[in-house]
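Reader: I have a model open and want to learn how to read it. Where do I begin?

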Amino acid sequence: MAEAVTAGGQPAYHYSFAYVAESQRAQLKGARHASEIPYVFNNPDVIPGVTAQDRKVAAAVSAAWACFAKTGDPGCEGWTWPAYGDTRATLVIDGASPRVAHDFDRARLDLLFADHQHIRG
């Protein structure tokens, strides 16, 4: 979707949420689908065994999403979150300090995009 938005001349912001709450790391090998929701809404207390670190990540994620809703740019809360653009920038949230990756998970995304194009005809 980020590629389509960018191709239409609008900025797009892409992220990969891979953060696992500290209390769940022994049981989970990675973040589950939609596991960012308590973080986006700054509600980490719904996570059993929530820690100060989990709360810190939730506050930062929530601030970035609120910033995006207010300004159209999620980077105003101190995070470096470039638009997707030609470098295919992705904000990878997998710890206390998110990182920017370019062409993140490219082979898998290309496969999904090709399959989607095939289905649409």
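**Reading the fold and its salt bridges**

Author: Start with contacts, meaning heavy atoms within 4.5 Å. Among contacts in the protein chain between residues at least 6 apart in sequence, 39% join residues at least 24 apart. The model is predicted: local features need pLDDT of at least 70, side-chain atom pairs count only at pLDDT 80 or more, and totals for chains, interfaces and linings use all residues. Residues are numbered from 1 along each chain as its sequence is written, and side-chain values use heavy atoms, with hydrogens and water left out.

Reader: How many helices and strands does the protein chain have?

Author: Helices (H or I, at least four residues) and strands (E, at least two) are DSSP runs, numbered from the N terminus. Here the protein chain has four helices and three strands. Their order from the N terminus is α-β-α-α-β-β-α.

Reader: Which strands pair in the antiparallel sense?

Author: Two strands pair if DSSP finds at least two bridges between them. Here S2 (residues 89-93) and S3 (residues 99-102) pair in the antiparallel sense, over four bridges. They form a hairpin, with five residues between them. Look at Val92: it stands opposite Arg99 in S3. In a regular strand, side chains alternate between the two faces of the sheet.

Reader: What share of the residues counts as buried?

Author: Buried means under 20% relative accessible area, exposed over 50%, and partly exposed in between (1.4 Å probe, protein chains only). Of the 121 residues of the protein chain, 28% count as buried.

Reader: How many salt bridges does the structure hold?

Author: A salt bridge is a side-chain nitrogen of Lys or Arg within 4 Å of a carboxyl oxygen of Asp or Glu. The structure holds three. One joins Asp45 and Arg55, with the closest N and O atoms 2.7 Å apart. Asp45 lies in the loop between helix H2 (37-40) and helix H3 (52-71), and Arg55 in helix H3, so the pair ties together parts ten residues apart in sequence.

Reader: Is Asp45 buried or exposed?

Author: Asp45 counts as exposed, at 52% relative accessibility. Arg55 is partly exposed, at 38%.

Reader: Where do Arg88 and Asp103 lie?

Author: Arg88 forms a salt bridge with Asp103, the closest N and O atoms being 3.4 Å apart. Arg88 is in the loop between H3 and S2, and Asp103 in the loop between S3 and helix H4 (106-120). The pair links distant parts of the chain, 15 residues apart.

Reader: Which side chain meets Arg99 in a salt bridge?

Author: That of Asp94, at 3.1 Å, N to O. Arg99 is partly exposed, with a relative accessible area of 40%. Asp94 is partly exposed too, at 34%.
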